[in-house]
Amino acid sequence: MSQVNIKDVDPVDFFQQHMNDIRSGMIDGKSLDDCKNCYQMEQHNKVSGRQKQLLKVGVRLEQFEKTLASSPWVDTFRSKQFTQLPQDWQIDLGNYCNSACIFCHPGASSRLAAEWKRIGFIDQMPLENWTDSPELVDKFIATLEQSKHIQYLHFIGGETLITPAFRTILKALISAGLNQTATIGFTTNLITWNQEVVDLLTQFSSVNLGMSIESFDSINDYVRWPATLSKVHETLDQWLHLAKTHDWLMQFRTTPTILTIDSLLSVYQYAWDHDIAIESCNFLDRPEVMRPSVMPMDDRLLIVNRMTAWIADRDLNVQTIINTRDPNVVKQQIVQDLQSYVHYLKHEPDESFRLPELMTYLKRIESSRGNSVLTYLPQYEELFRTAGY
Amino acid sequence: MKNFSELLATDLKLDVVINGTARSAGLHELLSFDAEDTVTVDSIEILPKYRHLASNGVLDINEPFYCWHHRISAQGWLLVPY
């Protein structure tokens, strides 16, 4: 897909015109490079983003032809002219963030960007966020206001709660009355609380709360630096209370990496105990050194054994759940998500040749942070030392 | 795998089995079943599973089967064009 900017292209034009190549490719039955992360997820029986989006137009992969031909959208897809307005938005607010997660990148974390610049990983800071421009935010809001059939808006960053445009957009949606019909989704990093934004969110009829966490073990502090588990627990308790009070859907949003795959079960256990769904991201592709598949196969199989035993203890018959936001199947969805990691760890090719590069990266970032991965993962000292740590 | 045009040119049918007897139905055909029957459509159990949706002993499916099934099986939003 061509790289375009809201400065130059109206979001509706982007949706109606610039995405035509993608639509045409799909209609011609092509495999699209932009969809490769979803193809990989499906290969490991993980419910992919495209499956979830297809479901919203009534299409299911396991009965693809019949559900597509039955979809309310079939005539729209058939038409040469696409004039629809977006009903389901994923909005990247930019990189304002008070976290500097070790697997993240400057385009999604201003704090990491500043650190990378300081230690010489990058020469220049990322481009200014579009949300820094009041004119562009106004332009975007005008687009939303003309889209009266918006079903869902999901906001990501950066950290949504500290991005001023998030508050501005929520206020505008409320003024336009869209809070009565549209569901708001957002992801937050569990070390931030913003009462003004919370007060705005409570005015929406439906909210999907995504909470980023990688582990309930101390490695979370290292990976989601400078978070501390005590702060995470404190913030999590606040969100849980709020979400239960307002009947919001809660999900943990995890990004498993080689550093957290060993203690990933702690998140599934907490989720199971508290009836919180887990929607892990696509299998991490970049940075390559952080992929869970960088873990040597022998170590991976030990983790697989623990995960498999945990799943067996749950004794649930899980059928594929595509609607991962169905609150009635939270426990099944938790097991389903974990099963995909069992499959991934068993079958994804061993990429442990990347370990030396990972060690080089960790040592440089630790020189800035004054910490050591071995404090958090002593069980991997021999592995990491052999790889050059 | 068919492309979109080939797919639309295909006469797709639902496989309906009522009390062990099979018949086919059009994808957009409106369906009606005796609520006491045992029914599957494309191997998806319909009755007795959804007997509670019947009215006066009849389960009417007044929209394309897969749209109906999407709604009653908790698949979330089904967006429609405007």
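These notes walk through a predicted model, from its sheet and domains to its backbone details and cores.

1. Ground rules. The model is predicted: local features need pLDDT of at least 70, side-chain atom pairs count only at pLDDT 80 or more, and totals for chains, interfaces and linings use all residues. Residues are numbered from 1 along each chain as its sequence is written, while chains are lettered from A and ligands numbered from 1 in the order in which they are written.

2. The sheet of chain A. Six strands form an open sheet, with parallel pairing, in the order β1-β2-β3-β4-β5-β6. Strands (E, at least two residues) and helices (H or I, at least four) are DSSP runs, numbered from the N terminus. Two strands pair if DSSP finds at least two bridges between them. At the edges stand β1 (88–92) and β6 (277–278) of chain A; each has a single partner strand, so one side of each is left without a neighbour in the sheet.

3. β1(A) runs parallel to β2 (residues 152–156) of chain A, and five bridges join them. One residue pair can be picked out: A:Gln90 has A:His154 in β2(A) as its bridge partner.

4. A helix over the sheet. Helix α12 (residues 229–246) of chain A lies across β4 (206–212) and β5 (249–253) of chain A. The helix runs at about 160° to β4(A). Axes are lines fitted to C-alpha atoms, for helices over the stretch in contact, and angles run from 0 to 180 degrees between N-to-C directions.

5. Two domains in chain A. Domain 1 covers 11–78 and domain 2 covers 88–386; such bounds come from an automatic or database domain assignment. Their centres, taken over C-alpha atoms, are 24 Å apart. The contact takes 15 residues from domain 1 of chain A and 15 residues from domain 2 of chain A. Contact here is a pair of C-beta atoms, placed from the backbone, within 7 Å.

6. The domain 1 side of that contact. In chain A, α1 (11–18), α3 (36–43) and α4 (49–55) are the elements that give two or more residues to it. The largest share, four residues, comes from α4(A).

7. Cis peptide bonds. The bond from A:Gly157 to A:Gly158 is cis, with omega near 10°. A:Gly158 sits in the loop between β2 and α9 (164–175) of chain A. The bond from A:Trp225 to A:Pro226 is also cis, with omega near 5°. A:Pro226 is in the loop between α11 (219–223) and α12 of chain A.

8. Positive phi in chain B. B:Asn56, in the loop between β5 (44–47) and β6 (58–61) of chain B, has phi near 50°. B:Asn56 is exposed, with 6 other C-beta atoms within 10 Å. B:Ala74, in the segment after α2 (65–72) of chain B, has a phi of about 60°. B:Ala74 counts as partly exposed, with 13 C-beta neighbours inside 10 Å. The scale counts other C-beta atoms, placed from the backbone, within 10 Å: 20 or more is buried, 12 or fewer exposed, in between partly exposed.

9. Nonpolar cores. A core is a set of buried Ala, Val, Leu, Ile, Met, Phe, Trp, Tyr and Cys residues joined through C-beta atoms within 7 Å. Which residues touch the most other members of the largest core, with its 82 residues? They are A:Phe166, A:Val267, A:Tyr268, A:Ala271 and A:Ile334. Helix α15 (residues 330–347) of chain A gives the most to this core, with eight residues. A second, separate core of 11 residues includes B:Leu14, B:Val41, B:Phe65 and B:Trp68.

Conventions:
Two residues are in contact if their C-beta atoms, placed from the backbone, lie within 7 Å.
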